[in-house]
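Visitor: Could we go through this model together? I would like to begin with what the word "contact" stands for here.

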Amino acid sequence: MKVAVLGCGAWGTALALVLHQNGHDVTMWSYRADEVEVLCKTHESLRLKGIHLPETMLFSAELDCVDGCGLVVFATPSFAVRQTAKAVAPYLKPGTTVVSVTKGIEANTGCRMTEIIRQEINDSCKVVSLSGPSHAEEVARRIPTGVVAACEDAAAAQLVQDAFMNSVFRVYTNPDIVGVELGAALKNVIALCCGVSDGMGLGDNSKALMMTRGMAEMARLGVALGGKSETFAGLSGMGDLIVTCTSMHSRNRRAGILIGQGKSAQEAMKEVGAVVEGYYAAHSAYILAEKMGVDMPVCRCAYEVLYEGKQVQAVVSELMSRSKKDETAETNWK
Ligand SMILES: NC(=O)c1ccc[n+]([C@@H]2O[C@H](COP(=O)([O-])OP(=O)(O)OC[C@H]3O[C@@H](n4cnc5c(N)ncnc54)[C@H](O)[C@@H]3O)[C@@H](O)[C@H]2O)c1
């Protein structure tokens, strides 16, 4: 099958390699002609150091590269998804299966990534979310990994499963696209907070507390927005939360560590040098939680630190001195 991957970042590159290894004809698109020029010349990944891209992989700065593709993968950062979808829409033939691998929630609208894409492209295209605990660096090195392809349309989810699955890349399906996308976006906020905890020199207990109560509030918002609670115990919820909160590959956690050590959010993101989705998702989660009347103390504190300059020490005291709660009553798993 002819496939296009939109975005030449770390994740777009790793997934392009998976698709190429599975025998598909892959073209990677970048919005920057200079990036494409370097890729054509060197076949060396720009974001994954030491990863060589096969000679038969193509690169393009033109969106007409999606012409004739059975599958188009969106792998840009969340802030660029709407503009990319708008720009590619005229070139997508009706019925194309589109995959979003971006993890985020749009800032002003609260839209999930597949909602944005659906709003901008032809109605007849099926839009699937592919998500899970998957560092690009490890996928590119063929380290065994498992993800989930989510879509209400089972045939579309299975098409994506078939396209990506191989002996080192296991793909499950799930009809709960709401839960899968919200798990993917919100865990980045919790990972950033776990990084802050590590950066401040707090302990394993603090991080486990943050992860567990973070998961509880992720599920609360997810269920309020129509997701299923069990999805949050799956690959795109618990799975991705574990990998992102504990790994040095996670730029969200790395940004959090720097903030915990006293850097500002802007300084931390500059130092990380790649997209820190948790920063944007903290804003979106705060707005959505307010709108839905859902209690999300960890995400609210992340918002206050990242956008209002609140001190991290004050946030720890605030979180620890909240009123007494019943663990399961408050969690509201349905
Ligand atoms: N890196 C991972 O391991 C990983 C794993 C799973 C999901 N993701 C998700 O994939 C998405 C992309 O992450 P990444 O790691 O590839 O990021 P990256 O920082 O490595 O690369 C981002 C890419 O987006 C492109 N880009 C930037 N601005 C753009 C614009 N305005 N229009 C079009 N393209 C633009 C850049 O050229 C770059 O190629 C994020 O939502 C991330 O959460 C990443």
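Guide: Contact means that heavy atoms lie within 4.5 Å. Please note also that this is a predicted model.

Visitor: Which residues is Ser197 in contact with, leaving aside its neighbours within four places in sequence?

Guide: With those neighbours set aside, Ser197 is in contact with Leu202, Gly203, Ser206 and Lys207. Ser197 itself is part of helix H7, which covers residues 177-199.

Visitor: Is Ser197 buried or exposed?

Guide: Ser197 is buried, because its relative accessible area is 3% and the cut-off for buried is under 20%.

Visitor: Let us turn to Val312. Which helix is it found in, and what does it touch?

Guide: Val312 belongs to helix H14, residues 312-320. Not counting residues up to four places away in sequence, Val312 touches Val196, Met200, Ile259 and Val305.

Visitor: Why does Val312 count as buried?

Guide: Its relative accessible area is 9%, and buried means under 20%, so Val312 qualifies.

Visitor: What about helix H1: what span does it reach, and what is expected?

Guide: Helix H1 comprises residues 10-21, 12 residues in total. From its first C-alpha to its last it reaches 17 Å, close to the 16 Å expected at 1.5 Å a residue.

Visitor: Is H1 mostly covered or uncovered?

Guide: H1 is mostly covered, with 10 of its 12 residues buried. Among them are Trp11, Thr13, Leu15, Leu17 and Leu19.

Visitor: What follows H1?

Guide: Gly23 follows H1, and its phi is positive, near 95°.

Visitor: Now the whole protein. How many helices and strands are there?

Guide: The protein has 15 helices and eight strands. Its C-alpha atoms fill a box of roughly 60 × 40 × 35 Å along the principal axes.

Visitor: What does the radius of gyration say?

Guide: A compact globule of 334 residues would have a radius of gyration near 20 Å, and the protein has 19 Å, which agrees. Of the 334 residues, 57% count as buried.

Visitor: What share of the contacts joins residues at least 24 apart?

Guide: Among contacts between residues at least 6 apart in sequence, that share is 70%.

Visitor: Finally, what of the surface and the charges?

Guide: The accessible surface comes to about 14,100 Å², and 53% of it belongs to carbon and sulfur atoms. The mean positions of the 32 positive and 36 negative charges are 3 Å apart.

Definitions and conventions: Residues numbered from 1 in each chain as written. Predicted model: local features only at pLDDT ≥ 70, side-chain atom pairs only at ≥ 80, totals over all residues. Heavy atoms only, no water. Helix = DSSP H or I, 4+ residues; strand = E, 2+ residues; numbered from the N terminus. Rg over C-alpha atoms; globule rule 2.2 N^0.38 Å. Buried < 20%, exposed > 50% of the residue type's maximum accessible area, 1.4 Å probe, protein only. Areas by Shrake-Rupley, 256 points an atom, 1.4 Å probe, with all protein chains shown as cover. Lys, Arg positive; Asp, Glu negative; His and termini not counted. Charge placed at Lys NZ, Arg CZ, Asp CG, Glu CD. Expected span 1.5 Å × (residues − 1).
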